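Please look over the structure below before reading on. The paragraphs after it go through a few of its contacts in turn.

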Amino acid sequence: MILRRLSPLLALALSVPLSAQAIDFSTAELQRAKALQQRLLTLDSHLDTPANFARDGFDIDNRHDHNALSQVDYPRMVDGALDGGFWAIYTGQGDRTAAAHLRDRDAGLQRLLEIRTMVAANADRFELALTPADARRIKADGKRVVFISMENASPLVADPSLLRFYHQAGLRMLSTVHFANNEFADSATNPQGPEWNGLSAAGKALVLDAVKQGIVIDQSHASDAVFDQLIAMLPVPFVLSHSASKAIHDHPRNLDDTRLRQLAKAGGVIQVNAYGGYLVDPGKSPQRKAAEDALSKRLGGWEAMSIAQGAELQRGEDALDAKYPVRHATLDDFFAHMGHILEVVGPGHVGIGLDWDGGGGLTDLRDVSDLPKITAWLLRRGYDEKQIAGIWGGNLLRVMQQAQDHAER
Ligand SMILES: [Zn+2]
């Protein structure tokens, strides 16, 4: 009521809560954190970076600072002491015609090829990992770890038997669905709601085939009904490669406390995400959304942009911040989610999957070079080296080992 009497601008300013005292770390804390990460295997479970591999102007050896398309490259991985992680074959969910399924099939194979090509072209610094032991050896050899994952199984709709080929080519983690429903599963965010009440028959068959091959199932983006079915049907634990807490921010992409406990009881792991819109309500106005869409369209669309246009996109978004302010998520918001999840399931079931190059990142965690801030926070909270090693990848690799052991049996 009171807000109505204020000028629209002031009312907007008041409705956008600013974090009064942003979390800060001393140089000594960050140095200690980085040194710890350099000793431990430090993995992120959801890197969308392969979307950049074929982009005009992208070079994994160059820093691409302050670029809306890039938060991960070799120099910044070294800066932030990131050893690698799961590099995603992501396919946007388009329409579901037979022609689209063939396009998705080809797009998935193309992305797989781009990942393998990047690794082959940089064999002195990157190596494909197929097992947890591989990751540890690659780190010991001073190289970066490339596990391959798939986000959205739409490339498998046309021919699910392609999963065997993907596994042979290195795929070790699979998610069923993305923003919208597909032939395999319901999405948590489908505008028209559920279609299968969880997994379709084809989805169940796909998931069981993946488990048979030792591929870890990733529940991120799928609906809660899919989660419940995975809990009931899987003989091995599964993960959420980039998700957050529903108790902290009530968003369908986030997991509630009851399901968090079920996940942990089943031996699974949730990798905490840094996608702003899942951490807080950005309060994005329709005008801002329209201006963002127009900006992206002017630059040729996200898929087709060059790295130079990514820098232009960044400048454009910064300008929009002044014109149509939104509430950007900060490290404080991320730590609210992470802290809550740690409280609910304990450090043995938590990891890190920040959605780099896929929309992740915070005002004070702009790219992978900032990762020691997370470790510094964990140290401040009193977690010991063994627990932090679990959070930075040990827990995830435990689930992976279980999946691979099960497949061998
Ligand atoms: Zn995602």
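What follows covers a helix pair, some aromatic rings and one lysine.

The model is predicted, so local features need pLDDT of at least 70 and side-chain atom pairs count only at pLDDT 80 or more, while totals for chains, interfaces and linings use all residues. Residues are numbered from 1 along each chain as its sequence is written, and side-chain values use heavy atoms, with hydrogens and water left out.

Begin with helix H9 (residues 201-212) and helix H10 (residues 224-233), which pack at an angle of about 50° with their axes 12 Å apart. Helices (H or I, at least four residues) and strands (E, at least two) are DSSP runs numbered from the N terminus. Axes are lines fitted to C-alpha atoms, for helices over the stretch in contact, and angles run from 0 to 180 degrees between N-to-C directions. H9 and H10 are therefore oblique to each other; angles under 35 degrees count as roughly parallel, over 145 as roughly antiparallel, 65 to 115 as roughly perpendicular and the rest as oblique. On the H9 side the contact (heavy atoms within 4.5 Å) is made by Lys204, Val207 and Leu208, and on the H10 side by Gln229, Leu230 and Met233.

Turn next to the aromatic rings. The whole structure holds ten aromatic pairs. Rings of Phe, Tyr and Trp (its six-membered ring) pair if their centres lie within 6.5 Å; planes under 30 degrees apart count as stacked, over 60 as edge-to-face and the rest as tilted. Phe86 and Phe147 are stacked, at 4.6 Å centre to centre with 15° between the planes. Phe86 belongs to strand E2 (residues 84-90) and Phe147 to strand E4 (residues 144-151), so this pair ties together parts that are 61 residues apart in sequence. Phe86 is buried, with a relative accessible area of 1%, and Phe147 is buried at 0%. Buried means under 20% relative accessible area, exposed over 50%, and partly exposed in between (1.4 Å probe, protein chains only).

Elsewhere, ring pairs link Phe53, Phe58, Tyr74, Trp87 and Phe126 into a cluster.

Finally, find Lys246 in the loop between E7 and helix H11 (257-265). Lys246 counts as buried at 18% relative accessibility. Leaving aside neighbours within four places in sequence, Lys246 is in contact with Asp224, His251, Pro252, Asn254, Leu255 and Asp256.
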